[in-house]
Amino acid sequence: LLLAYIILSSSMEGYSTLATPTPRRGRRSNFFVLGLASMAFLALIGGAHDSSQLSWGAAKAAEKPAKTTTPAEPTGKCMKLKKIGAIGLGALISLKLASNVLKTSSSSVDSLPGQTFVGQGIRAKGPISVYSVKMFLGNRAKSALSAFKGKSLKGNAQFTDALEKGTFQKTIKITMMRSVTPEKMITSFNDAVSTRVSKKTLTKIEDPLNDLLTKAFSGSASQKGSEITFSMTGGNYFAIAVAGKHQGSLWSSDLCKAFTDLYVGPKAVSSGARDAIVSGISDMINA
């Protein structure tokens with residue numbers, strides 16, 4: 001029951017905290033999940049009983065002297081309800097595991113001048129959705145990546161390298177789905193970048209990057225509903241904006257590559273978002 005409650009709460013959170021309106025199909029999916037959870041919950045409650053409890057729709061029989069007997073296995077309606085509950089809960093868990101994919105199907109996305117939206121997903125910590133992430137690529141990306149037309153891009157190391165090193169415009173836009181302390185956001189990004197650059201590069205950018213992140217998240221940027229944009233231009237110019245307001249920038253090709261890898265690399269922070277982005281780029285290249 002606790003597991004059902006956690007999954008149900010998480011599903012509700014994903015439904016109520018998305019910054020962009022959920023399309024009609026998405027709303028139907030959410031209501032289906034909630035209905036399925038209710039079915040599993042009620043069935044599990046209704047199906048849990050023993051011989052000392054009231055049977056469904058029947059009066060409790062008069063007590064008789066106790067006999068040493070082997071407890072009978074649940075049968076009839078009770079067993080059917082237990083099976084329904086188990087099936088419902090199993091299906092609900094499967095839907096939750098696929099939530100990253102389900103939540104990337106929204107057609108209600110914003111646009112950026114001169115760039116193409118290629119995919120989105122959810123960055124989660126366990127069952128908790130932290131923020132949604134969207135990726136946009138500059139119009140030159142299609143020709144720059146044309147060598148991969150007709151090829152499978154998922155898990156393609158050459159494609160990932162070309163994407164990360166590309167000098168075309170790359171924009172990552174995240175929207176907070178829950179409030180987090182500024183320190184957690186700053187630390188998480190610093191740690192993620194530190195494992196994706198050389199020690200020499202880290203020595204150069206560690207302090208400037210920390211200062212930039214601290215400035216960006218010093219206000220309400222880490223609060224639910226806030227929008228943070230990370231822009232990478234020309235392959236070596238990295239900038240951060242909060243709610244459309246420029247916060248600062250750094251010149252570093254290694255930082256631009258590392259930040260792109262954070263969302264499209266083999267160890268991306270969200271495999272669901274990465275797969276959706278790669279699929280979107282494939283569609284763009286092959287269009």
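The model is predicted. The chain has ten helices and six strands. Of its 287 residues, 43% are buried. Among contacts between residues at least 6 apart in sequence, 67% join residues at least 24 apart.

**The sheet**

- Six strands make up an open sheet, ordered S1-S2-S3-S4-S5-S6, with antiparallel pairing.
- Strand S1 (115–125) and strand S6 (245–251) are the edges. Each has a single partner strand, so one side of each is left without a neighbour in the sheet.
- From one strand to the next, the twist averages 20°.
- Helix H7 packs on this sheet and touches S2, S3 and S4. The direction of H7 makes about 150° with that of S3.
- As a general point, strands of a sheet pair through backbone hydrogen bonds.

**Strand pairs in detail**

- S1 and S2 run antiparallel and are joined by ten bridges. Phenylalanine 117 stands opposite phenylalanine 136 in S2.
- The S1 and S2 strands form a hairpin with two residues between them. Glycine 126, in the turn, has a positive phi of about 65°.
- S4 and strand S5 (residues 237–242) also run antiparallel, with six bridges between them. Here methionine 232 stands opposite phenylalanine 238 in S5.

**Helix H7**

- Helix H7 spans residues 182–194, 13 residues in total. From first C-alpha to last it reaches 18 Å, close to the 18 Å expected at 1.5 Å a residue.
- Which residues of H7 are buried? They are Met185, Ile186, Phe189, Asn190, Ala192 and Val193.
- Glu183 and Lys184 are exposed, on the face of H7 turned away from its buried side.
- The cover over the buried residues of H7 includes strand S2 (128–138), strand S3 (170–176) and strand S4 (227–233). Helix H8 (199–216) and helix H9 (253–264) are also included.

**The nonpolar core**

- The largest nonpolar core holds 51 residues. Ile174, Phe189, Phe238 and Ile281 touch the most other members.
- H9 supplies the largest share of this core, seven residues.
- What does phenylalanine 189 touch, not counting residues up to four places away in sequence? Its contacts are Tyr131, Ile174, Leu213, Phe217, Phe230, Phe259, Leu262 and Tyr263.

**Helix H9**

- H9 has twelve residues and reaches 16 Å from its first C-alpha to its last. That is close to the 16 Å expected at 1.5 Å a residue.
- Nine of the twelve residues of H9 are buried, so the helix is largely enclosed by the rest of the structure.

**Helix H6**

- In helix H6 (residues 157–165), the buried residues are Phe159, Thr160, Leu163 and Glu164.
- Seen down the axis of H6, they fall within an arc of 125°, so they line one face of the helix.
- Ala157, Gln158 and Lys165 are exposed on the other side of H6.
- Cover for the buried residues of H6 includes S2, S3, H9 and helix H10 (271–286).

**Two loop residues**

- Leucine 112 lies in the loop between helix H4 (99–102) and S1.
- Leaving aside neighbours within four places in sequence, leucine 112 is in contact with Phe136, Thr171 and Lys173.
- Leucine 112 and leucine 137 are 25 residues apart along the chain, and their C-alpha atoms are separated by 9.2 Å.
- Alanine 243 lies in the loop between S5 and S6. Its phi is near 55°, a positive value in a residue other than glycine.
- Is alanine 243 buried or exposed? Alanine 243 counts as exposed, because its relative accessibility is 60% and the cut-off for exposed is over 50%.

Definitions and conventions: Residues are numbered from 1 along each chain as its sequence is written. This is a predicted model: local features need pLDDT of at least 70, side-chain atom pairs count only at pLDDT 80 or more; totals for chains, interfaces and linings use all residues. Side-chain values use heavy atoms; hydrogens and water are left out. Helices (H or I, at least four residues) and strands (E, at least two) are DSSP runs, numbered from the N terminus. The expected span of a helix is 1.5 Å times one less than its number of residues. Buried means under 20% relative accessible area, exposed over 50%, partly exposed in between (1.4 Å probe, protein chains only). Contact means heavy atoms within 4.5 Å. A nonpolar core is a set of buried Ala, Val, Leu, Ile, Met, Phe, Trp, Tyr and Cys residues joined through side-chain atoms within 4.5 Å. Two strands pair if DSSP finds at least two bridges between them. Axes are lines fitted to C-alpha atoms, for helices over the stretch in contact, and angles run from 0 to 180 degrees between N-to-C directions. The arc is that of the directions from the helix axis to the C-beta atoms.
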